[in-house]
Amino acid sequence: MEVLEEDEEYNWREVRLPSMTRIEPEPELEREKGERRRGRDILIAIDHGPNSKHAFDWALIHLCRLADTIHLVHAVSSVQNTVVYETSQQLLEKLAVEALQVAMVSTVARIVEGDAGKIICKEAVRLKPAAVVMGTRGRGLVQSFLQGSASEYCFHHCKVAPVIIVPGKEAGDESLI
């Protein structure tokens, strides 16, 4: 995989999520008011696979706090293809509703055109999140090396935030869902 150059442009489309209002409790202490109360940005890479959904669920349960904003990023082959865009939009809308219901966090979603690993790293540079969360298919070392792996690429190339790679369900963590 090649590293995406700093000045290289890429195509993307913002996803308009259903208007959802998050109910935030009043801060109990004076020091919790104002800018200090601002939450973190957490980038979650999403695709249509079960391991991606498992990583999303893991992030909601173990990582997200009330004031956080999660940024869902979905890499596709073409943002101009309406079938691909609409299918991806439905997935991201469903996950945004779930994030609000489970963890009461706000969600921003973006569908981006290009290679998943490069796009996730580029979005991490743009957002400067507290963490990048993504799933893995659980392929072996040789298979990942030969076919390439978005999670492996991000682990080695994403320098602005820690990359959390959540193993798939078959890796042993059945108790989350």
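Let's start with helix 2, where Y85, S88, Q89, L91, L92, L95, A96, E98, A99, L100 and A103 are buried. Buried here means under 20% relative accessible area, exposed means over 50%, and partly exposed lies in between, using a 1.4 Å probe and protein chains only. This is a predicted model, so local features need pLDDT of at least 70 and side-chain atom pairs count only at pLDDT 80 or more, while totals for chains, interfaces and linings use all residues. Residues are numbered from 1 along each chain as its sequence is written, and side-chain values use heavy atoms, with hydrogens and water left out.

What do the buried residues of helix 2 pack against? Their partners are strand 1 (12-15), helix 1 (50-62), strand 3 (69-76) and strand 4 (106-113), where contact means heavy atoms within 4.5 Å. Helices (H or I, at least four residues) and strands (E, at least two) are DSSP runs, numbered from the N terminus.

## The length and ends of helix 2

Helix 2 covers residues 82-103, and at 1.5 Å a residue its 22 residues should span 32 Å. The expected span is 1.5 Å times one less than the number of residues. In the model, the end C-alpha atoms of helix 2 are 31 Å apart, which agrees.

At the start of helix 2, a side-chain oxygen of N81 comes to within 3.1 Å of the backbone nitrogen of V83. For reference, a polar contact is a pair of N or O atoms within 3.5 Å; within protein, one must be able to donate a hydrogen and the other to accept it, and residues adjacent in sequence count only if both atoms are side-chain atoms. Just after helix 2 comes M104, with a positive phi of about 55°.

## Two positive phi angles

Most residues other than glycine have a negative phi. M104 has a positive phi although it is not a glycine, and its place is the loop between helix 2 and strand 4. With a relative accessible area of 33%, M104 is partly exposed.

K128 is not a glycine either, yet it has a positive phi of about 50°. Where does K128 lie? K128 sits in the loop between helix 3 (116-127) and strand 5. Its relative accessible area is 58%, so K128 is exposed.

Now for the strands: 6 of them form an open sheet in the order 1-4-3-2-5-6, with mixed pairing. Strand 1 and strand 6 (163-166) are the edge strands, each pairing on one side only. From one strand to the next, the twist averages 25°. Two strands count as paired if DSSP finds at least two bridges between them. Strands of a sheet pair through backbone hydrogen bonds, either parallel or antiparallel.

Strand 5 (residues 131-135) pairs with strand 6 in the parallel sense over 4 bridges, and M134 stands opposite I165 in strand 6. Helix 1 packs on the sheet, where it touches strand 2 (41-45), strand 3, strand 5 and strand 6. The direction of helix 1 makes about 140° with that of strand 5; axes are lines fitted to C-alpha atoms, for helices over the stretch in contact, and angles run from 0 to 180 degrees between N-to-C directions.

## A45 in strand 2

A45 is found in strand 2, and at 10% relative accessibility A45 counts as buried. Leaving out residues up to four places away in sequence, A45 touches S52, V73, I120, V133 and M134. A45 and M134 are 89 residues apart along the chain, but their C-alpha atoms are separated by 5.2 Å.

## Salt bridges

How many salt bridges does a search of the whole structure find? The search finds 5, a salt bridge being a side-chain nitrogen of Lys or Arg within 4 Å of a carboxyl oxygen of Asp or Glu. K53 forms one with D57, with the closest N and O atoms 2.7 Å apart. K53 and D57 are 4 residues apart in helix 1, and are therefore separated by about one helical turn. K53 is partly exposed at 27% relative accessibility, whereas D57 is buried at 8%.

K53 also forms a salt bridge with E98, the closest N and O atoms being 2.8 Å apart. This pair links distant parts of the chain, with E98 in helix 2 and K53 in helix 1, 45 residues apart. Through shared partners, salt bridges join K53, D57 and E98 into one network. Another salt bridge pairs E123 with R110, with the closest N and O atoms 3.1 Å apart. E123 in helix 3 and R110 in strand 4 are 13 residues apart, and both are buried.
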